[in-house]
Amino acid sequence: MPIRYDAGEVITAMVTPMDAKKEVDYNRVESLTQHLINNGSDAILVCGTTGESPTLTHEEEVEIISTVKRAAANRAKIIAGAGSNSTQTAVMSAKLAQKEEVDAILSVVPYYNKPSQKGMIEHFSAVAEAVNIPVILYNIPSRTGVTMQPATVAYLAGKYDNIVAVKQSCPDMDLISEMKLLCPEDFLIYSGDDSLTLPMLSLGAHGVISVASHLFGAEIKSMIRNFKTGNPTAARNMHTKLFPVFRKLFMAPNPVPVKAALAHKKLIDEYVRRPLVELTDDEKIVLFAAIDGFHAD
C-alpha cells in the first residue's frame, strides 16, 4: 500500500539561531538550513519546541518559515510546529502554517490541560478539519502530562486522511506495537527521541524527528538505511557509537545542549531565550567531550 505522506526518514527539529540580544538570527537560520540539508536531513521541522516555539511570536514564526523555505529551495520538505494547549489557537496556527505553504504541520497533544482521550479526539479533529495539508500528531507525555493512547491515534488516523503520522516521544515500546496493530498500514510512526530510533525501527517505525541530526544527520541516516536494508549489525554499531551523544544532548532542557554543540562547531551562537539558560562551562566540557569523542569508524 502506498504511504499517504512521506516526509523522509530523517527530519531535523531545527533550533532557532539567536544573537546576543536574543533576537532571531535570520542569516544563521538560512545557513543552518543549508547545513542540515547537506548533511542528511530529508525534511526540516521549524518552530517546534526545539525551535523554542513557546517564546517565538507569530510574526517571527512566519519569517522563520519564509527564510527556511527560501534557503531549502525545494531540496527538503518543510514542516511547521503548529500546536497549542488551546484548540482555537492550534487551529489558527495550523491555518497560518498552511497559508505559508509548508508541506505539513506537527501538532502536539494539548499540554497542562491534561485532556481525556475524547478531548484529544475533538482537539485534533478540529485541527484536521481546518486544513488540507498533512498533520503529524505529537505525543510527548513528559511535557504534556498525559499520553495519547494507541486507540486514539488509530481512530484519528482512520477518520482523517490528512492525519498521516505520529511523533512518538515515549519510551514505552508496547505503545508502538499497539499502534502498528491498530493504525492503517499507510500511517507512519516517527521516533521523537534519538536514543529510541533503532528500537522503534525494529517495531515498524519509519524514521526519526531528530535533534542529534543537527550534528550527525548522515550517520543517523546510515543507521536507518542499514537497518532497513538488512544490516542490523551495522545499524546497532552506529547506534552504540552515537548513544553517548544522544544522552548528552539532553543533559539539560532541549535545545540548550544542542545549541551549545552547534556553537562549538561554529554553526550558530549558543544563545537561548529565557526562561532557558545556557550551559555552564563545566557542562560544556562534558558535552563537548562526547561530541568530539565520536568516531564513525
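Contact here means heavy atoms within 4.5 Å. Sorted by class, this H6 and H7 contact holds 7 nonpolar residues, no polar ones and 1 charged. For the classes, Ala, Val, Leu, Ile, Met, Phe, Trp, Tyr, Cys and Pro count as nonpolar, Asp, Glu, Lys and Arg as charged, and the others, Gly among them, as polar.

Before going on, what you see is a predicted model, where local features need pLDDT of at least 70, side-chain atom pairs count only at pLDDT 80 or more, and totals for chains, interfaces and linings use all residues. Residues are numbered from 1 along each chain as its sequence is written, and side-chain values use heavy atoms, with hydrogens and water left out.

Back to the pair. The axes of H6, residues 150-159, and H7 come within 9 Å and cross at roughly 30 degrees. Axes are lines fitted to C-alpha atoms, for helices over the stretch in contact, and angles run from 0 to 180 degrees between N-to-C directions. The H6 and H7 crossing is right-handed. A crossing is left-handed if the near helix is turned anticlockwise from the far one by less than a right angle, and right-handed if clockwise.

Now the whole chain. The protein chain has 12 helices and 8 strands. Helices (H or I, at least four residues) and strands (E, at least two) are DSSP runs, numbered from the N terminus. The radius of gyration of the chain is 18 Å, close to the 19 Å that the globule rule gives for 297 residues, so the chain is as compact as a globular protein of that length. That radius is taken over C-alpha atoms, and the globule rule is 2.2 Å times the number of residues to the power 0.38. Along its principal axes, the C-alpha trace spans about 50 × 45 × 35 Å.

How do the strands pair in the barrel, parallel or antiparallel? The 8 strands close in the order S1-S2-S3-S4-S5-S6-S7-S8, and the pairing is parallel. From one strand to the next, the twist averages 25 degrees. Two strands pair if DSSP finds at least two bridges between them. S4 (residues 104-108) and S5 (residues 135-139), for instance, pair in the parallel sense over 4 bridges. Leu 106 stands opposite Ile 136 in S5. H7, residues 173-182, packs on the sheet and touches S5, S6 (163-168) and S7 (188-191); the direction of H7 makes about 170 degrees with that of S6.

Next, H1 and H2. The axes of H1 (residues 26-38) and H2 (residues 58-72) come within 9 Å and cross at roughly 45 degrees. That makes H1 oblique to H2; angles under 35 degrees count as roughly parallel, over 145 as roughly antiparallel, 65 to 115 as roughly perpendicular and the rest as oblique. This crossing of H1 and H2 is right-handed. By class, their contact has 7 nonpolar, 3 polar and 3 charged residues.

Pro 257, Ala 260, Ala 261 and His 264 in H11 meet Leu 287, Phe 288, Ile 291 and Asp 292 in H12.

Last, the backbone. Which peptide bonds are cis? One runs from Asn 254 to Pro 255, with omega near 10 degrees, and Pro 255 lies in the loop between H10 (232-248) and H11 (256-264). Another joins Arg 274 and Pro 275, with omega about 20 degrees; Pro 275 is in the loop between H11 and H12 (281-292). Glu 101 is not a glycine, yet has a positive phi of about 65 degrees. Glu 101 sits in the loop between H3 (87-99) and S4.
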